[in-house]
Amino acid sequence: MPYEEIRRMIVEVDEEQLSEPMIQNLVKHLPEQEQLNALAKYKKEYTNLSEPEQFGVVMSNVKRLRPRLSHILFRLQFEEQVNNLRPGILAVSAACDEVRKSRSFGRLLELVLLLGNYMNAGSRNAQSFGFDLSSLCKLKDTKSADQKTTLLHFLAQVCEEEFPDVIKFIDDLEHVDRASRVSAENLEKSLRQMEQQLLQLERDLETFSSPDDPSDMFFTKMWVQMSTCFVKTYVAREQYGKLMIMHSNMLTLYQNMLEYFAVDPRKTSVEELFTDLSSFRSMFTQALKENLMRRESEEKQRRAQAAKEKAEREKQERQQKKRRLLEVSAENDETGVMDSLLEALQSGAAFRDRRKRVPRARGESVILYLHLDTKKFSTIITEALKELLCNCITFYYL
């Protein structure tokens, strides 16, 4: 881009061509005014100068170049600055109001104090009237005997089982996370800087009221044309005034909250207080999730143990049923064999031999060999045979 074109853009405040990065680079690398005045003497030797010197010669006749660029940059950044400051102020104000008015958060603090006094019974800290809000995050450091849970987990469990309304404080304090990322010191610094830039712009515009160059549009665009949207009692000053009012209200709410919770403002900053509250809110939410996971795990183990015991009972029942079936089968076998044997004895088939036998004389003894399986025939069956064939047959057990 030709240097004369750059000069024209600056003098005419060409917003379509000028960009924030361009102005920032010009302000950063621009020579001092004394150097520019020295280069202006070499205007007739322009073609013999180096490019940086040529650029300096072209820019040397722009009236108050550095303040002009600073003010143009301020205008380009003004809306962004306002948009950056307003959310932080609103977040801190909303967080102060939420913490101060949340009934569920107040009930939670009561429970924490009750737990602390119960645990400290008999010690020098017994029956305390209060505690510092920063102590909330320390609940996670007090662990159970088995090191698996903490006092924070117990508090979350008590709230779930006995005081479910207390858990609503998580939703009540929705702005504390955003407020924890706001620096009150940076807010005040930015507002002071914005005030100084506005005042400096107003003073400098008075010196630009009668520009020598008819093409110089700085005064026109920064004052006359922009009077309805930028300087003095108009939008720029009005927006700054609104920011100051919002910031003042924020400080009032914050001081009231510190007084309500007996917090020393000299020891606790805005970001420290809301960082503690935001951390506790996150830890409490995580404790609720971990309690749920632990209950689900215990329920899963309980169901697994119940299923295992049920399977074991069913196995034992199947084994007992199988044994009963075997006993019944054995009894049926014995009954069937006994019936066949008795029938054979009554019919005389048990005494017949398929082979041709020699007739025996009267009174001759008969020996009957019975091959009995002691596993199948009980003592009762044997005794029954003896009673049936008593004095007739001599038994020999093989």
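Helix H6 gives the largest share of the lining of the largest pocket, six residues. Helices here are DSSP runs of H or I with at least four residues, numbered from the N terminus. The model is a predicted one, so to speak of local features takes a pLDDT of at least 70 and side-chain atom pairs count only at pLDDT 80 or more, while totals for chains, interfaces and linings use all residues. Residue numbers start from 1 along each chain as its sequence is written, and side-chain values use heavy atoms, with hydrogens and water left out.

Back to the pocket. Its volume comes to about 360 Å³, and 17 residues line it, with Val-112, Gly-116, Asn-120, Phe-131 and Leu-139 nearest the centre. The elements giving two or more residues to this lining are H6 (103–119) and H7 (151–161). A pocket is an open set of points on a 1 Å grid over the protein atoms alone, where a 1.4 Å probe fits and protein lies on both sides within 12 Å along at least five of seven lines; lining residues have an atom within 4 Å of a point. The volume is the space filled by probe spheres set on the points, which are joined across faces, edges and corners. By type, the lining splits into eight nonpolar, eight polar and one charged residue. Nonpolar covers Ala, Val, Leu, Ile, Met, Phe, Trp, Tyr, Cys and Pro, charged covers Asp, Glu, Lys and Arg, and the others, Gly among them, are polar.

Next comes a helix pair. H5 (residues 65–101) and H10 (residues 184–207) pack at an angle of about 145 degrees, their axes 10 Å apart. Axes are lines fitted to C-alpha atoms over the stretch in contact, and angles run from 0 to 180 degrees between N-to-C directions. Among the residues that meet are Phe-74 and Phe-78 in H5, and Leu-191 and Met-194 in H10. Contact means heavy atoms within 4.5 Å. This contact divides into eleven nonpolar, five polar and one charged residue.

Then there are the loops. Val-263, between H12 (235–260) and H13 (270–347), counts as buried at 10% relative accessibility. Buried means under 20% relative accessible area, exposed over 50%, and partly exposed in between (1.4 Å probe, protein chains only). Val-263 touches Leu-133, Leu-258 and Thr-268, leaving aside residues up to four places away in sequence. Most residues other than glycine have a negative phi. Arg-64, however, has a positive phi of about 45 degrees and is partly exposed at 32%. Gln-147 has a positive phi of about 65 degrees and is exposed at 53%.
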